[in-house]
Amino acid sequence: MELFLLLGVLGAVLLVVGLVGGELLDGVFDAIGVDSAGGFFSTEVIGGFLSAFGFGAFLLDGAGLGQVVVLGGGGAAGVAMGGLALWLSRSLMNVTTDATPTSSDLRGALGKVITRIPDGGLGEVRVSRHGHPLKLSARAEEPIDPGVEVVVVDVLSPTSVLVIRSEIEIG
């Protein structure tokens, strides 16, 4: 009875370590030639199986059922939880992500002058990109006063852009 509880606790610890630590323990199986990353022998799957098997068998054993029922029920719970852990870990590994924004993404961005852009000099503009306000140094071919809407036409450096007056009014 205590063995089942110990297996359940050990499995739960492995499951948490696998989900939080990622591939922390997967190298153990890789060393013996078993590909474990996102597979049947991953830390998450083994942890899910052991925890459900241990706790399930512990509960069934406490109900006074026979060993065949205890082991069968614990095994069924373990296979179900291991399968769920396999499905979840594979799903998380295959999640698509957005591309990392780059400074070239600023071309075409609308903004507003916040510090006057003098003739041949630098001023400052505020541009919103992907929901984040950016304050950038700006050059223009003509002087532009604060409050005027502008469009980024080129990126001169990661912190400096070339702008022109916008014909679109920004709210």
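Start by selecting Phe49 and Phe53: both belong to helix 3, four residues apart, about one turn of the helix. Helices here are DSSP runs of H or I with at least four residues, strands are runs of E with at least two, and both are numbered from the N terminus. An α-helix has 3.6 residues a turn, so residues three or four places apart point the same way.

Before you go further, a word on the model. It is a predicted one, where local features need pLDDT of at least 70 and side-chain atom pairs count only at pLDDT 80 or more, while totals for chains, interfaces and linings use all residues. Residues are numbered from 1 along each chain as its sequence is written, and side-chain values use heavy atoms, with hydrogens and water left out.

**Stop 1: the aromatic rings**

Phe4, Phe49 and Phe53 make up one aromatic cluster, and the count of aromatic pairs is two. Rings of Phe, Tyr and Trp (its six-membered ring) pair if their centres lie within 6.5 Å; planes under 30 degrees apart are stacked, over 60 edge-to-face, and the rest tilted. The Phe4 and Phe53 rings have centres 6.1 Å apart and planes at 80 degrees, so this pair is edge-to-face. It links distant parts of the chain, with Phe4 in helix 1 (residues 2-21) and Phe53 in helix 3, 49 residues apart. Phe49 and Phe53, in contrast, are stacked, at 5.9 Å centre to centre and 10 degrees between the planes.

Now colour by accessibility (buried is under 20% relative accessible area, exposed over 50%, partly exposed in between, with a 1.4 Å probe and protein chains only). Phe4 is buried at 10% and Phe53 is buried at 14%, whereas Phe49 is partly exposed at 30%.

**Stop 2: the rest of helix 3**

Select residues 43-62. This helix has 20 residues and spans 28 Å from first C-alpha to last, close to the expected 28 Å (1.5 Å times one less than the number of residues). Its buried residues include Val45, Leu50 and Ala57. Just past the helix, click on Gly64, which has a positive phi of about 80 degrees.

**Stop 3: the nonpolar core**

Which residues of the largest nonpolar core touch the most other members? Select Ile117, Val125, Val161 and Val163, out of 15 residues in that core. Such a core is a set of buried Ala, Val, Leu, Ile, Met, Phe, Trp, Tyr and Cys residues joined through side-chain atoms within 4.5 Å. Strand 2 (123-129), strand 3 (132-140), strand 4 (149-157) and strand 5 (160-165) each supply at least two of its residues.

Centre on Val163 next. Beyond its neighbours within four places in sequence, its contacts (heavy atoms within 4.5 Å) include Ile117, Val125, Ala138, Ile144 and Val152.

**Stop 4: salt bridges**

The whole structure holds five salt bridges, each a side-chain nitrogen of Lys or Arg within 4 Å of a carboxyl oxygen of Asp or Glu.

- Arg107 and Asp154, with closest N and O atoms 3.3 Å apart; Arg107 sits in the loop between helix 4 (67-93) and strand 1 (110-115), and Asp154 in strand 4.
- Asp145 and Arg116, at 3.2 Å; Asp145 is in the loop between strand 3 and strand 4, and Arg116 in the loop between strand 1 and strand 2, 29 residues apart.
- Glu124 and Lys135, at 3.8 Å; Glu124 lies in strand 2 and Lys135 in strand 3, so the bridge ties together parts 11 residues apart in sequence.
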